[in-house]
Amino acid sequence: MKIAVLGGAGKMGSGIVRDLVTNSPKEDIEEVVIADVNMNEARQLANELKDSRIKIQYLDVANKEEVRKLLENVDVCVNAVPTLLGYQIDIMLVSLEAKCPYMDLGGLGVWTRKQKEYHQKFLEKGVPALLGMGSAPGITNILAKCCAEHLDKVEKINLYWVGKLVGQESPIFVPPYNILTLIDEYSEPNFQFINGEMKVVPALSGEQILDLPEPFGRTKFWYTPHSETSTIPYAKGFRDKGIKECTWRLSIPEHVDIVMRSLMSCGFGDKEPLKLNDAEISPQKFLALLVDRNIKKNKEKIPTEVKDYELYFAIGEGEKDGQKLKVTVELHQLPDPLYCGYVDAGTSMSASVGAQMVGKGEIPPGVWAPEECINTARFFEEMKRRKFKIIIKTETLL
């Protein structure tokens with residue numbers, strides 16, 4: 001199959017390209033196109049990976065005609081362009097026009113709900129679209145599905161992610177993922193499915209403290225904008241089992257949390273442009289440019305060894321055979337040399353697995369969230385092969 005990764009030279013896109021050519025069966029993948037405006041970084045990535053299947057193509061995703069021409073000649077479109085740049089639906093619809101199977105990494109709930117409205121059009125044209133197939137959303141949706149598969153009735157599904165620094169801390173601030181996404185997670189109201197209906201809750205609300213195994217210990221979580229809560233409650237296997245609650249909570253590593261809360265207190269969560277003489281600039285975009293430049297200028301100061309232990313988990317409650325049951329499904333990303341070179345191995349590897357499922361025809365026509373179309377056992381096997389650890393626990397409730 002031929003796979004085009006739009007934004008393939010970026011933080012998430014480069015990881016997807018890396019996994020496609022290093023951890024995937026070579027006989028399955030004929031070509032991987034790094035499609036990006038940043039040719040220098042695209043060339044650097046291609047030179048580092050040294051794989052003849054990699055092709056580089058300059059692509060401005062704002063140019064719909066150029067996007068269409070590219071997608072007419074590949075088997076899968078992987079949209080790794082940051083959602084907050086505003087091209088999510090445009091790229092998806094060009095993919096439909098080109099009849100090219102589509103996949104992205106998530107739409108922060110708002111875009112996801114709009115994307116789901118195009119299900120019938122994708123169905124009619126026989127084109128599959130897989131939404132939010134990264135880590136969270138993506139991995140988390142599939143963990144939720146696994147919970148539901150262990151229950152006859154589902155009362156609630158609560159989703160969580162936490163990361164822990166276990167190696168040398170970087171003296172340079174390096175966001176765990178796109179800083180524009182981080183800013184939204186710290187500043188924007190968000191949707192949670194509570195008491196059988198979607199509710200808007202304030203940023204940084206819903207605080208919950210859980211006792212987790214080492215190295216995490218007592219951990220504080222809070223609500224943030226995510227697309228899982230926009231799809232899971234309405235999916236088959238959840239809706240028909242009577243789900244009344246679906247929430248998403250995040251716990252950011254302490255060193256990142258301190259920086260982000262400080263930045264919010266300085267006003268970087270405000271979307272109103274700043275005026276400087278006769279020019280205007282977005283506080284968020286200014287910050288993103290500054291952080292990116294600082295990382296590049298101080299690259300030699302950033303530790304290169306793997307330093308993060310990440311834990312994704314879902315807790316489901318409901319009934320099985322008339323008995324109250326609690327199901328916990330965990331996916332552990334342990335510190336391992338395999339993840340060197342990835343900004344976010346969970347997102348990149350999950351997306352690579354999803355892209356290959358799309359390319360092999362395992363996803364039917366229509367617009368789907370992962371919990372609607374991904375086989376949990378098949379996905380877990382692929383993630384185990386990439387050294388992720390899966391744990392499923394059940395507990396009878398009184």
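Predicted model: local features only at pLDDT ≥ 70, side-chain atom pairs only at ≥ 80, totals over all residues.
Strand 1 pairs in the parallel sense with strand 2 (residues 31-36) over five bridges, and Ala4 has Val33 in strand 2 as its bridge partner.

Turning to charged side chains, the model contains 25 salt bridges. Arg68 takes part in one with Glu72, where the closest N and O atoms are 2.5 Å apart, and in another with Glu97, where that distance is 3.9 Å. Because Glu97 belongs to helix 4 (residues 88-97) and Arg68 to helix 3 (residues 64-71), this second pair ties together parts that are 29 residues apart in sequence. Arg68 is buried at 17% relative accessible area, whereas Glu72 is partly exposed at 43% and Glu97 is partly exposed at 48%.

Within helix 14 (residues 376-385), Glu382 and Arg385 lie three residues apart, about one turn of the helix. Their closest N and O atoms are 3.0 Å apart in a salt bridge. Shared partners link Asp19, Glu362, Arg378, Glu382, Arg385 and Arg386 into one salt-bridge network.

Finally, the surface carries a nonpolar patch formed by Leu274, Ile281, Phe286 and Leu290, with about 330 Å² of accessible area together. Of these, Leu290 sits in helix 11 (residues 283-297) and counts as partly exposed, at 35% relative accessibility.

How values were computed: Residues numbered from 1 in each chain as written. Heavy atoms only, no water. Patch = residues over 30% accessible without salt bridge, like charges linked within 9 Å, V, L, I, M, F, W, Y side chains within 5 Å. Areas by Shrake-Rupley, 256 points an atom, 1.4 Å probe, with all protein chains shown as cover. Salt bridge = Lys/Arg side-chain N within 4 Å of Asp/Glu carboxyl O. Helix = DSSP H or I, 4+ residues; strand = E, 2+ residues; numbered from the N terminus. Buried < 20%, exposed > 50% of the residue type's maximum accessible area, 1.4 Å probe, protein only. Pairing = 2+ DSSP bridges.
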